Amino acid sequence: MVMEILDRSPVAIHDKTSANKNIVMVAVENRQPNVYNLLLEKRILIETLFNAVDDEGNSALHLVAMATHHQPWLIPGAALQMQWEIKWYKYVEDSMPMHFSMRYNKANKTAREIFTEKHEELVKNGSAWLNTTSSSCSVVAALIATVAFATSATVPGGINEGNGTPTLERKPAFNVFSISSLIALCFSVNSLVMFLAILTSRHQERDFGRNLPNKMLFGLSSLFISIAAMLVSFCAGHFFLLKDELKYAAFPIYAVTCLPVAFFAVMQFPLYLDLMWATFRKVPKCSSTAVS
């Protein structure tokens, strides 16, 4: 829509609101990356629009720093919202001249000071969300680590007294059991360490940009892998206890046993996907797109 308006009436790019805000200010204030990128492409022709200020002396960077109720990127969790707010601020700041970050408005405040002040509540909510999520996941990770340690120290079938080697070491299921139990132990410990690191973090504003989300992403990835590996080790270890005629009949039971993990993964996948999207994407993207 903006492209069509500018194509038909190029002079409309100089229109302003009642508060003396031009199109650049309105775009950044309402978190519209697509519109802002379009304006960046035309920046050589409209450089004056990027240097303008409104009636309150706010530049475009000041308006980016202000929290708004309009959130085009609909992602769950205050921590992820804070991460995208930081990325949006940094993206606009990097596209502005260096002196913009030190410019004062009529209230004698810089854009960075406004950002810290306006996002104080979001930082608190993000810290509470991270602590709650990390506490719940750390309990699960600790339980898996305990079970995985006991499983990895247990040798199915016992030890051969003659040479001290496992009696079932030549069985394919034994190799699956050994490797999966080791994976479950290692990844559950890694997951536990990541969640504890989040709980003991200072939760400062800058930590929400990359540090805390990366820890949460690595912790959740390790937790999912450890849960899957624990189930595989359980099925492989239980396989030795069945008689030959019952072994193949146990496969459906093993599949049913894995269903809770599958449901858990499906339920948590949107959060995991949003976390990956917010972590690896440089510029936030609007959740809604126009239909031509």
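Q: Buried means under 20% relative accessible area, exposed means over 50%, and partly exposed lies in between (1.4 Å probe, protein chains only). Is Cys-186 buried or exposed, or in between?
A: Cys-186 has a relative accessible area of 38%, so this cysteine is partly exposed. Cys-137 has 12% relative accessibility and therefore counts as buried. Two notes on the source follow. This is a predicted model, where local features need pLDDT of at least 70, side-chain atom pairs count only at pLDDT 80 or more, and totals for chains, interfaces and linings use all residues. Residues are numbered from 1 along each chain as its sequence is written, and side-chain values use heavy atoms, with hydrogens and water left out.

Q: How many disulfides are there?
A: A disulfide is a covalent bond between the sulfur atoms of two cysteines. Here the test is a pair of cysteine sulfur atoms within 2.5 Å. By that rule, the count is zero.

Q: How many helices and strands does the protein have?
A: Both are DSSP runs, numbered from the N terminus: helices are H or I with at least four residues, strands are E with at least two. This protein has 13 helices and zero strands.

Q: What percentage of the protein is buried?
A: Of the 292 residues in the protein, 41% are buried.

Q: How far does helix H6 reach?
A: The expected span of a helix is 1.5 Å times one less than its number of residues. Helix H6 covers residues 78-95, which is 18 residues. From first C-alpha to last, H6 reaches 26 Å, close to the expected 26 Å.

Q: Why is H6 largely enclosed by the rest of the structure?
A: Because 15 of its 18 residues are buried.

Q: How many aromatic pairs does the structure hold?
A: Rings of Phe, Tyr and Trp (its six-membered ring) pair if their centres lie within 6.5 Å; planes under 30 degrees apart are stacked, over 60 edge-to-face, and the rest tilted. The structure holds five such pairs. In one of them, the rings of Trp-88 and Tyr-91 have centres 6.2 Å apart and planes at 20°, so the pair is stacked. Trp-88 and Tyr-91 are three residues apart in helix H6, so about one helical turn separates them. Both are buried.

Q: Which parts does the pair of Tyr-89 and Phe-115 tie together?
A: These rings have centres 5.0 Å apart and planes at 40°, so the pair is tilted. Tyr-89 lies in helix H6 and Phe-115 in helix H7 (residues 111-118), so the pair ties together parts 26 residues apart in sequence. Tyr-89 and Phe-115 are both buried.

Q: Which residues form one aromatic cluster?
A: Tyr-36, Phe-50, Trp-88 and Tyr-91 do.
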